[in-house]
There are 2 protein chains.
Amino acid sequence: MIDEQAATVPDMQQADRLNAVFAALSDPVRRAILERLDGEELLVSELAEPFDISLQAVSKHIQVLVRAGLISQERTGRISRCRLDAGPIYDAAVWVNRYSKYWQAQFETLAAWLEDLDETKKR
Amino acid sequence: MIDEQAATVPDMQQADRLNAVFAALSDPVRRAILERLDGEELLVSELAEPFDISLQAVSKHIQVLVRAGLISQERTGRISRCRLDAGPIYDAAVWVNRYSKYWQAQFETLAAWLEDLDETKKR
DNA sequence: TTGATATTCAATCATATGATTGATTAATGG
DNA sequence: CCATTAATCAATCATATGATTGAATATCAA
């Protein structure tokens, strides 16, 4: 049985997945798209609206995000609804968090974040 | 007062910094370099040794990391000692951690990680 | 059916990236 | 002084990226 979450990029190795995720996150348009998809599903045209670039350019950014496994699209008729797929970002988080020991000054922020998670868990 | 941690790339905007950091992290050679620099300073030639690419190619990867503010080099004589500068990775961590709510299945790992930090803080 | 709408495809372009090889610079050590 | 070593510079190359415009596809609505 194939993993449905990662089905867009079936047999991608861990390193290649990280390459694709970090590369996808290196563009501000794509980060803004992911930020807007946090909590709601949006159409390609809705996602494109705030940007000063062509719809086609946004469509290609979305394709990059799909290939990286960060977005999935459900097409019904002529509209294409985009949904965030945060799973692959976890790999990126694990990678960067290995350096958390160097951010002791900002520790409070991270602690606050954990407490938040912890609350969610207890309920 | 200017942030000393980010002094290597003085007037870079937040978005541009994230662009550069994520782009730097999108290459497996550069990630491996950063992993090896976690805890020790190494020369360019030492960093290059494990890779099957030319020394010049590694040198260029290091330059990318320097431009992203992730590495600083101190040259004494003909050798160039490379030191990790984890500060900018913090920005990347903050960005990706906004999606932590989607990783509830992996929560235990993150909790363990933060408990570890918490221990360090108490001591 | 006709026309508008949503999205993608295709061709093109300028620039960026990652690699190579060869030359250069600069500091060592005998 | 001379040869070696460490690292960077420079030119080149193939490929990737991000953008554009124009065409195509497909759906919906009047």
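Mentor: Start with chain A. This is a predicted model. Its open sheet has three strands in the order 1-3-2, with antiparallel pairing.

Trainee: What makes strand 1 and strand 2 of chain A edge strands?

Mentor: Strand 1 (42-43) and strand 2 (71-76) each have a single partner strand, so one side of each has no neighbour in the sheet.

Trainee: How do you know that strand 2 and strand 3 of chain A pair?

Mentor: Pairing needs at least two bridges. Six bridges join strand 2 to strand 3 (residues 79-84) of chain A, so the two strands count as paired. They run antiparallel. In this pairing A:S72 stands opposite A:R83.

Trainee: What packs on the sheet of chain A?

Mentor: Helix 4 (residues 55-67) of chain A does, touching strand 2 and strand 3. Its direction makes about 120° with that of strand 2.

Trainee: Now the DNA. Why is the pair between A:K60 and DNA strand D called a polar contact?

Mentor: The cut-off is 3.5 Å between N or O atoms. An N or O atom in the side chain of A:K60 is 2.6 Å from a base nitrogen of DNA strand D, so the pair qualifies. For B:R78, the side chain has an N or O atom 2.4 Å from a base oxygen of DNA strand D.

Trainee: Which part of DNA strand D does A:R30 approach?

Mentor: A phosphate oxygen, which lies 3.0 Å from a polar side-chain atom of A:R30.

Trainee: How do the residues of the surface near DNA strand D divide by class?

Mentor: Six are nonpolar, 10 polar and six charged.

Methods:
Residues numbered from 1 in each chain as written. Chains lettered and ligands numbered in written order. Predicted model: local features only at pLDDT ≥ 70, side-chain atom pairs only at ≥ 80, totals over all residues. Heavy atoms only, no water. Helix = DSSP H or I, 4+ residues; strand = E, 2+ residues; numbered from the N terminus. Contact = heavy atoms within 4.5 Å. Axes fitted to C-alpha atoms, helices over the stretch in contact; angles between N-to-C directions. Polar contact = N/O pair within 3.5 Å; in protein donor to acceptor, adjacent residues only side chain to side chain. Nonpolar A, V, L, I, M, F, W, Y, C, P; charged D, E, K, R; others polar.
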